[in-house]
Amino acid sequence: MQTINRNKLFLASCIALIFTSLTFAFRASLEKVWGQEFTLTKEQVGWIFSPAFWGFTLAMVFGGTLVDVLGMKRLMVLAFIGHISGAVIYIVAKDATMLFIGTLCIGIGNGMVEAVCNPLVVTLYPDNKTTMLNRFHVWFPGGNVIGGLLAFFILTKLNLDWRLLMVPLFIAAVIYGLMFIRLKFPQTERVTSGVSTGQMFKSVLSPLFLVMLACMFMTAATELGTTTWTFALLEGSGVSGILVLVFIFGIMALGRSFAGPVVHRLNPNGMLIFSSFFACIGLLLLSRSSGYGAFAAALVFAVGICFFWPTMLGFVSEYVPKSGALGLSLMGGAGMFSTSLILPVMGRWMDEYKQEAISRGMDTAAADAFAGSETFMKVAILPAILVVIFTVIYIVRRKHYKQERITRAQMKPSL
């Protein structure tokens, strides 16, 4: 009988997430290229990007509901189909509609990856959930670094056709597809722990879960909305937006690699307060930075958003454990749906601020810089709100966290 190979399942999950992250990096670098080739405004590009997020949301919500029924392997087959078909549609795209459809297919594939791999990691490492979710999600910024560098050299340095960016997508998809098809998947943690479907649905209606779901809208918009538009936001700042984006994702990958000690020192709630504060300060600094100073501001912002996504999932998995795969999928789906809403809004803000600047007599470069600065300032409101909410949650739950620390200390072996 085939056994569960925890290490290979985790590795295959990481490669599937690399595919997802490559698509994010490539989209960010293709904003200007698609705008020129297909004659699109930034708001129109935002609408083309948006199905990557609401398609992701639909896949996560349905996948999270059905993962215990259909099984993880079948959903990963759907992810593979979405990924391959989306890349093919991109290659043959002749207009904005085809780009939209290709983005939707890839978004659905990416959502299936998250719907399966988050509960898979939690099931494989039940005693170290937040740390291992952070290590798994290392490969989101890690893949973005790879994708950003590939895009920089292919598009900027070598001036090659953007469709060449689809090649690494095919390679990643084939690798994870071949690995998963040969491996046996476990049942989810909820099923093995005996939690009923009714208890799972009741858990996702609890006040704590609903508050965290609302917060996920803001954490994801702060992280993914800003990083998706980084290239355009820094267009007039005198520095390469792609390189700043690669720098941000490099810091995020490094931080998530060493998340364990931070989790044990601050706990998930403390990490979220820390992250919101630095994300807010980073956005304010980015709104006033230019040239190589943008890298210093980006460092602060990257430290802020570094732990957002995996720690939000870890918080729910640890403190609302009966929510199971559905809870993780609803959280991820909310984050992606939020991003699908913020992208065209941010695109409209940039278009409007640029027109305002040009009407004041600014040249194009100065208008781009003004539009980016004002948009950064608006987005900074979101993490400022989150600082307040996460602090209130910490105060309300401080007795629970104190008991948790006492229990953890009692479990440590004495010398």
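**Exercise 1. Salt bridges**

Count the salt bridges in the model, taking as a salt bridge a side-chain nitrogen of Lys or Arg within 4 Å of a carboxyl oxygen of Asp or Glu.

*Solution.* The count comes to seven salt bridges. The model is predicted: local features need pLDDT of at least 70, side-chain atom pairs count only at pLDDT 80 or more, and totals for chains, interfaces and linings use all residues. Residues are numbered from 1 along each chain as its sequence is written, and side-chain values use heavy atoms, with hydrogens and water left out.

Step 1. Take Glu31 and Lys42, whose side chains form a salt bridge at 3.9 Å, N to O. Glu31 sits in helix H1 and Lys42 in helix H2, so this pair ties together parts eleven residues apart in sequence. Helices here are DSSP runs (H or I, at least four residues), numbered from the N terminus. Glu31 is buried at 5% relative accessible area. Lys42 also counts as buried, at 16%. The cut-offs are under 20% for buried, over 50% for exposed, and partly exposed in between (1.4 Å probe, protein chains only).

Step 2. Take Arg256 and Glu223, which meet at 3.6 Å, N to O. Arg256 belongs to helix H13 and Glu223 to helix H11 (residues 207–228), so the link joins parts 33 residues apart in sequence. Both Arg256 and Glu223 are buried.

Step 3. Take Glu356 and Arg360, a salt bridge at 2.5 Å, N to O. Glu356 is partly exposed at 29%. Arg360 is exposed at 54%.

Step 4. Look for shared partners. Glu37, Asp161 and Arg163 are joined into one network by such salt bridges.

**Exercise 2. A nonpolar surface patch**

Which helix gives the most residues to the nonpolar patch?

*Solution.* Step 1. List the members: Leu149, Phe153, Leu158, Leu160, Leu164, Val167, Ile171, Ile175 and Leu243. Patch residues have over 30% relative accessible area and no salt bridge; nonpolar side chains (Val, Leu, Ile, Met, Phe, Trp, Tyr) are joined within 5 Å.

Step 1. Take the area. Together the members expose about 750 Å², by the Shrake-Rupley method with a 1.4 Å probe.

Step 2. Assign elements. Helices H7 (139–157) and H8 (166–181) each give two or more residues. H8 gives the most, with three. Phe153 lies in H7 and is partly exposed, at 45%.

**Exercise 3. The buried side of H8**

Where do the buried residues of H8 fall, seen down its axis?

*Solution.* Step 1. Check the length. H8 has 16 residues and reaches 23 Å between its first and last C-alpha, close to the expected 22 Å. The expected span is 1.5 Å times one less than the number of residues.

Step 1. List the buried residues: Met166, Pro168, Leu169, Ala172, Ala173, Tyr176, Gly177 and Phe180. They fall within an arc of 160° down the axis, so they line one face of H8. The arc is that of the directions from the helix axis to the C-beta atoms.

Step 2. Find the neighbours. The buried residues pack against H1 (6–38), H4 (72–92), H5 (96–124) and H7.

**Exercise 4. Positive phi**

Give the phi of Thr39 and of Asn159.

*Solution.* Step 1. Recall the background: most residues other than glycine have a negative phi.

Step 1. Thr39 is not a glycine, yet its phi is positive, about 55°. Thr39 lies in the loop between H1 and H2 (42–49) and is exposed at 67%.

Step 2. Asn159 also has a positive phi of about 55°. Asn159 is in the loop between H7 and H8, exposed at 61%.

**Exercise 5. Inside the helices**

Step 1. Repeat for Gly304, in helix H15 (residues 293–305) and buried at 0%. With the same exclusion, Gly304 touches Ser275, Phe278 and Ala279.

Step 2. Turn to helix H16 (residues 308–319). Eleven of its twelve residues are buried, among them Trp309, Pro310 and Tyr319.

Conventions: Patches are made of residues with over 30% relative accessible area and no salt bridge: like charges are joined within 9 Å, nonpolar side chains (Val, Leu, Ile, Met, Phe, Trp, Tyr) within 5 Å. Contact means heavy atoms within 4.5 Å. Lists of a residue's contacts leave out its neighbours within four places in sequence.
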